[in-house]
Amino acid sequence: MIQRKLNNVSVIVAMWFLVVAAVPADAVQDAESQRRPEQVLFFATDRNDTGSAEADQKYGYARSEMTYGLAKVAIPDDHRIGKSIPSDKNALVLSALDRPAFFQEIAKSVASSEEKSLFLYLHGYNVNFKEAAMSCAQIVNDLHFNGCALFFSWPSHGHITSYLADEASVLWSERDLEKLLESVVLNSGSKNIYLMAHSMGNRALTLAFLELARTKPKLLSSVKLLMLAAPDMDAGMFKRDIAPALASTGVKVTLYASTNDKALRLSKRLHAYPRAGEIYSLPLIAPGIETIDVTGVDDASMGHSYHCEARPVLSDIYYSMKLNLGADKRYSLDAIDTPQGRYWKFRE
């Protein structure tokens, strides 16, 4: 998400094209011919309620108590997979829900879905509430995800100069996220929960997930996939402490990383240590973690938001979620074996 600010910040051949170039053809056709005029999402946030009647100004960057609601995001008729949804004034409509009603509505949404599935998304640094909603809506729409979609928005300042403040806030939100995860597992009725975080948001998600695993491990049986996109986390600490703990839960974990991630390159310069989502000679390789090298599939100048902007990555996410395929079963990926272990890379 940071680069958006910095920019403004014959059968095998057919199969190959469908898998590498985009989300599968049938999914694309469904998404483009049956696209809903709006994407409905649930949201939970520990941002302050500003009292504004305008949806894009409703939640600020100050820390506050958890609030809940429903978000409706307008999807343009000409939207294409991997393209940001225009953030015009009327693109987002919010409805507040109290906590009991929130989980009741989530349970209804899950129950009405074919696969009884739920997707939870956590944004990264330099993202305001509206941007979080738009990103989640775009991902869900582009994947043609038919389950219940939910995003958690922590109090990022939404400003490029507030990196240190965002670092503090994302850790502050970890406890709220942990409680949310627990409540979602207990109250949603979903047996197929998929979790995704981007960039700095991975810090809160991994900590909250591991705390839940430590205190209530039986709850993790419904979590099918943990997706870590461009994690802005200390690579050494992740490999030593986080990765083994995640692997021990038995939940499938996918880590997406890139050589071209300029945002994480800047983060490394600030912290003096490599980040888990960036690649130098080799990506971060750890037992129990499926690491995917996405270098070359993202044409954006910052190379940081490929999880929502690169069609091959969206395709990979689709196959992970929809078909529950491991990296070794996904046709678009080649296994790369090294002395440190195996990782995967998109086929050229």
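A crossing of two helices is called left-handed if the near helix is turned anticlockwise from the far one by less than a right angle, and right-handed if clockwise; by this convention, H4 passes H7 in a right-handed crossing. The model is predicted, with local features needing pLDDT of at least 70 and side-chain atom pairs counting only at pLDDT 80 or more, while totals for chains, interfaces and linings use all residues. Residues are numbered from 1 along each chain as its sequence is written, and side-chain values use heavy atoms, with hydrogens and water left out. Helices (H or I, at least four residues) and strands (E, at least two) are DSSP runs numbered from the N terminus.

**Sheet**
- An open sheet of mixed pairing is formed by 11 strands in the order S3-S2-S1-S5-S4-S6-S7-S8-S9-S11-S10, where two strands pair if DSSP finds at least two bridges between them.
- Strand S3 (92–97) and strand S10 (333–338) stand at the edges with a single partner strand each, so one side of each has no neighbour in the sheet.
- S10 pairs with strand S11 (residues 341–346) in the antiparallel sense over 6 bridges, and Ile-336 stands opposite Tyr-343 in S11.

**Helices H4 and H7**
- Helix H4 (residues 99–112) lies across S1, S2, S3, S4 and S5, running at about 155 degrees to S1, with axes fitted as lines to C-alpha atoms (for helices over the stretch in contact) and angles running from 0 to 180 degrees between N-to-C directions.
- H4 and helix H7 (residues 174–187) pack at an angle of about 50 degrees with their axes 10 Å apart, which makes H4 oblique to H7; angles under 35 degrees count as roughly parallel, over 145 as roughly antiparallel, 65 to 115 as roughly perpendicular and the rest as oblique.
- Arg-99, Phe-102, Phe-103 and Ala-107 in H4 meet Leu-180, Ser-183, Val-184 and Asn-187 in H7, contact meaning heavy atoms within 4.5 Å.

**Helices H6 and H8**
- Helix H6 (residues 163–172) and H8 pack at about 15 degrees with their axes 9 Å apart, and are therefore roughly parallel to each other.
- The crossing of H6 and H8 is right-handed, and Tyr-163, Glu-167, Val-170 and Leu-171 in H6 meet Gly-201, Arg-203, Ala-204 and Leu-207 in H8.

**Aromatic pairs**
- The structure holds 13 aromatic pairs, counted for rings of Phe, Tyr and Trp (its six-membered ring) with centres within 6.5 Å, planes under 30 degrees apart being stacked, over 60 edge-to-face and the rest tilted.
- Tyr-68 and Phe-102 form a tilted pair, 4.7 Å centre to centre with 40 degrees between the planes, linking strand S2 to helix H4 across 34 residues.
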